[in-house]
Amino acid sequence: MRYTGVSPESGRTGLSVRTALTNPSTRPGLRLPGRVTVIAGARDVSVRHVRLGLVTTAEPDDPSAPRRLVQFHQAELTGGFVLPAGRGRTIPFQFPMPWETPVNIFGGAPLLSLRMGLRTEVAVEPELDQGAMVPVFVHPLPTQAHVLAALDTLGFTLRQAGLVDARLPGVAQALPLHQRVGFWVAPLYAGPITELEVVFVANSAGLEVILWMDRRLALAGITHQSISRFRIWHADADRRDWVSTVDGWLRMAINRHAAAAAHADWSAKIRESAHVSRPPDEPVPPGYGLGGTAGGAGIGGGGGGGDGT
């Protein structure tokens, strides 16, 4: 299937822009292939540049402020050129998806609250920018998919997913925003915590998993938050017992959470393992859902261990 975005023809320049994606489904760290076609009208058009950018709607760090459209990653396809009247030019591209790109496909289904698009910007003289946008569907990395599947096996239920237009303190990030995935807490863990949010920060080597926990007692007006961080390598991810790994992370994080709130009589530790007899889900094979698309970064063209910090 080919997805296209077409900008309305400019009445002043007669220029039209068409963007087509070979496959709109991708994953962080891959290239998104496609092409941009620009066609001039009745007169020559001087183009300053053609750029591509990933655009989404994110919440500002201030929860009281409204959501806003954010372009969080861009790459230039070409510099200036003159397009003769009535002529067209097609520019192929391999747009690099950042490793930290937010995921908007969960369990094979898109989340309408996490829409993302690839916007084409064609700047023409003197100051007119014309754009065409196409939807992009970002599937989880295999390591992310394993973590999400393990949480599902352990009894957690996806509650919501959102983007925050802010950086996380103390975390090395390439993008100016981050994604938070909220879950209803599984019964075994429901005593010590009432809310769980998961943040993924990926790079080419591995994945950092941040567990954001909260315990609220509405009647007493008590709340306590804690954050735990764990790292895992992409290599040999298919050989790991992910249910046991994620359960270990949760128990460690909850016990640290309870220790930090030890002065409160409602704190409690997890003392039994939530590991179930079901084996981990089969790993997602390379290229799953991508129509064979693969690649690294750029336009134009160790061992698996986890540790708590």
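Is phenylalanine 183 buried or exposed? Phenylalanine 183 counts as buried because its relative accessibility is 5%; buried means under 20% relative accessible area, exposed over 50%, and partly exposed in between, with a 1.4 Å probe and protein chains only. Here are some notes to read beside the model.

1. Ground rules. This is a predicted model, in which local features need pLDDT of at least 70, side-chain atom pairs count only at pLDDT 80 or more, and totals for chains, interfaces and linings use all residues. Residues are numbered from 1 along each chain as its sequence is written, and side-chain values use heavy atoms, with hydrogens and water left out.

2. Aromatic pairs. Searching the whole structure gives three aromatic pairs. Rings of Phe, Tyr and Trp (its six-membered ring) pair if their centres lie within 6.5 Å; planes under 30 degrees apart count as stacked, over 60 as edge-to-face and the rest as tilted. One of the pairs joins phenylalanine 156 and phenylalanine 183 edge-to-face, at 6.5 Å centre to centre and 85° between the planes. These partners are 27 residues apart and link distant parts of the chain: phenylalanine 156 is in the loop between α1 (142-153) and β14, phenylalanine 183 in strand β15. Helices (H or I, at least four residues) and strands (E, at least two) are DSSP runs, numbered from the N terminus. Phenylalanine 156 counts as buried, at 3% relative accessibility.

3. A stacked pair. Phenylalanine 230 and tryptophan 249 are stacked, 5.3 Å centre to centre with 15° between the planes. This pair also links distant parts of the chain, with phenylalanine 230 in strand β18 (residues 222-233) and tryptophan 249 in helix α2 (residues 242-260), 19 residues apart. Phenylalanine 230 is buried at a relative accessible area of 1%, and tryptophan 249 counts as buried at 7% relative accessibility.

4. A cluster. Have a look at Phe156, Phe183 and Tyr189 together: they form one aromatic cluster.

5. Arginines over rings. Arginine 180 has its charged end over the ring of tryptophan 212, 4.2 Å from the centre. Arginine 159 lies over the face of tryptophan 184, 5.4 Å from the ring centre. The criterion is NZ of Lys or CZ of Arg within 6 Å of the ring centre and within 35 degrees of the ring normal.

6. Leucine 168. You will find leucine 168 in the loop between β14 (157-165) and β15 (178-184); it counts as buried, at 8% relative accessibility. Leaving out residues up to four places away in sequence, leucine 168 touches (heavy atoms within 4.5 Å) Gln173, His178, Arg180, Val199, Val201, Ile210 and Trp212.
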